[in-house]
Amino acid sequence: MSEDELVRGPVHNLHVELGATFAPFGGWEMPVSYAGVVAEHKAVRETVGVFDVSHLGKALVSGDGAAEFVNSAFTNDLGRIGPGKAQYTLCCTESGGVVDDLIAYYVSEDEVFLVPNAANTADVVAALAAKAPAGVTVVDQHREFGVLAVQGPGSRAVVQALGLPVDMEYMAFQDATWNGVAVRVCRTGYTGEHGYELIPAWADAEPLFRALVELVRGAGGQVAGLGARDTLRTEMGYPLHGHELSLDISPLQARCGWAIGWKKDGFWGREALAAEKEAGPARVLRGVKALDRGVLRQGLAVQRDGVSIGTTTSGTFSPSLGIGIALALVDASSGVAPGDAVEVDVRGRALKCEIVAPPFVSVNTK
């Protein structure tokens with residue numbers, strides 16, 4: 001995809017004003033960094049950061065029995081939650097591969113709002129539309145709304161200063177107004193910190209983002225880009241589709257079995273996933289922590305006693321820990337467990353590492 005074909009979000013011009021560097025991601029031109037990835041990362045962990053993640057998909061499933069239909073399609077059980085709550089779930093193929101992982105916002109029995117990943121939105125919408133019963137409609141709203149994420153210990157004060165509701169449980173949401181415009185306030189995020197995701201109409205995203213930038217900077221925080229978003233989620237061990245989840249990497253291999261509602265009547269891919277669960281997945285996601293100096297990246301061989309036992313799916317330098325970390329799919333037959341020593345082949349150098357159970361740092365979402 002050429003630079004001219006990349007989609008720009010509703011606050012792109014403000015990113016330019018703020019001096020962002022850009023890169024393509026999921027078909028969008030995304031701000032990668034402003035003050036530097038490490039500074040932005042530490043701001044989210046220690047004070048507060050604000051991200052424009054309007055590239056995330058948006059879709060609406062509505063009509064009589066919409067929630068029941070969504071529940072019959074995706075892995076998690078919407079019956080566990082109700083209106084005003086959100087749920088992490090997965091859209092799978094019948095063979096158990098992952099089309100996408102996403103958040104489902106349960107508005108009512110007849111309305112579910114979905115936030116998939118940018119590159120997979122059309123596929124999720126198409127899969128739902130192809131199987132939607134009479135009376136249920138599926139609408140791609142990708143460019144109808146912005147998504148602005150306020151994350152970190154100071155996020156509550158920032159959102160409250162806008163006059164928006166903040167007293168919600170984790171994975172809950174409320175519809176509110178700011179300066180006369182509608183904003184959905186969600187207690188969700190992708191950083192492992194206490195945070196909120198604000199969903200305004202596309203045309204209202206820029207003024208809201210400007211207000212957030214001023215408040216975040218006033219609180220000693222930073223505007224943050226895609227670079228910090230990736231280091232933050234990797235420290236949490238959160239999967240990224242195309243890395244830890246894909247059509248070839250099942251939820252069970254990615255340790256997302258907790259997001260499968262085994263007790264409900266059915267969902268796409270149930271039989272294949274049940275068979276994999278019974279047999280045990282052939283590979284499993286682990287954390288890898290460098291013991292020597294070196295930065296871990298995607299696609300590196302994980303070895304034990306000189307024998308390859310897996311491959312890194314994501315890798316980065318952890319600003320919180322000051323070391324290289326990675327997520328890796330490791331052969332279940334290898335028997336490696338947290339605490340075991342391994343090596344990662346970094347351009348021909350065997351980097352000493354340790355297997356760990358993610359997250360690499362503490363979770364503070366609640």
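This briefing covers salt bridges, aromatic pairs, cavities and one glycine in a predicted model. Local features are reported at pLDDT of at least 70 and side-chain atom pairs only at pLDDT 80 or more, whereas totals for chains, interfaces and linings use all residues. Residues are numbered from 1 along each chain as its sequence is written, and side-chain values use heavy atoms, with hydrogens and water left out. The structure holds 8 aromatic pairs and 4 cavities of 30 Å³ or more. Helices (DSSP runs of H or I, at least four residues) and strands (runs of E, at least two) are numbered from the N terminus.

**Salt bridges**

- A salt bridge is defined by a side-chain nitrogen of Lys or Arg within 4 Å of a carboxyl oxygen of Asp or Glu; the count by this rule is 12.
- Glu-169 and Lys-85 form a salt bridge with an N to O distance of 3.5 Å. This pair links distant parts of the chain, 84 residues apart: Glu-169 is in the loop between α5 (155–161) and β10 (173–178), and Lys-85 is in strand β5 (residues 85–92).
- Relative accessible area is classed as buried under 20%, exposed over 50% and partly exposed in between (1.4 Å probe, protein chains only). Glu-169 is exposed at 55%, and Lys-85 is partly exposed at 29%.
- In the salt bridge between Asp-167 and Arg-156, the closest N and O atoms are 2.3 Å apart. Asp-167 belongs to the loop between α5 and β10 and Arg-156 to helix α5, so that this pair, 11 residues apart, also links distant parts of the chain.
- Asp-167 is exposed, with 62% relative accessibility, while Arg-156 is partly exposed at 31%.
- Arg-210 and Glu-206 are joined by a salt bridge of 3.1 Å, N to O. Both residues lie in helix α6 (residues 205–218), 4 residues apart, or about one turn of the helix.
- Arg-210 has a relative accessibility of 34% and is partly exposed; Glu-206, at 23%, is partly exposed.
- A network of salt bridges links Glu-17, Glu-206 and Arg-210.

**Aromatic pairs**

- Rings of Phe, Tyr and Trp (its six-membered ring) pair if their centres lie within 6.5 Å; planes under 30 degrees apart are stacked, over 60 edge-to-face and the rest tilted.
- One of the 8 aromatic pairs in the structure is the tilted pair of Tyr-105 and Phe-113, at 6.3 Å centre to centre with 45 degrees between the planes. Tyr-105 is buried at 2% relative accessible area, and Phe-113 is buried at 3%.
- Tyr-105 also forms an edge-to-face pair with Phe-173, at 5.5 Å centre to centre and 85 degrees between the planes. Because Tyr-105 lies in strand β6 (residues 98–108) and Phe-173 in strand β10, this pair ties together parts 68 residues apart in sequence.
- Both Tyr-105 and Phe-173 are buried.
- Tyr-105, Phe-113, Phe-145 and Phe-173 make up one aromatic cluster.

**Cavities**

- On a 1 Å grid over the protein atoms alone, a cavity is a set of points where a 1.4 Å probe fits but cannot get out, and its lining residues have an atom within 4 Å of a point. Points are joined across faces, edges and corners, and a volume is the space filled by probe spheres set on them.
- The largest cavity contains about 70 Å³ of space. Residues lining it include His-12, His-15, Trp-28, Glu-29 and Asp-52.
- Both α1 (12–17) and β2 (28–33) supply at least two residues of that lining, and β2 gives the most, with 4 residues.
- Residue classes are nonpolar (Ala, Val, Leu, Ile, Met, Phe, Trp, Tyr, Cys and Pro), charged (Asp, Glu, Lys and Arg) and polar (the others, Gly among them). The lining of the largest cavity has 4 nonpolar, 5 polar and 2 charged residues.
- The second largest cavity holds about 40 Å³. Of its 13 lining residues, Tyr-170, Thr-188, Gly-189, Glu-193 and Thr-365 lie nearest its centre.
- The lining of the second largest cavity comprises 3 nonpolar, 8 polar and 2 charged residues.

**Gly-294**

- Gly-294 is located in the loop between β14 (283–290) and β15 (301–304) and is partly exposed, at 22% relative accessible area.
- Neighbours within four places in sequence aside, Gly-294 is in contact (heavy atoms within 4.5 Å) with Gly-324, Arg-349 and Leu-351.
- A distance of 45 Å separates the C-alpha atoms of Gly-294 and Gly-163, which are 131 residues apart along the chain.

Note on methods
On a 1 Å grid over the protein atoms alone, a cavity is a set of points where a 1.4 Å probe fits but cannot get out, and a pocket is an open set with protein on both sides within 12 Å along at least five of seven lines; lining residues have an atom within 4 Å of a point.
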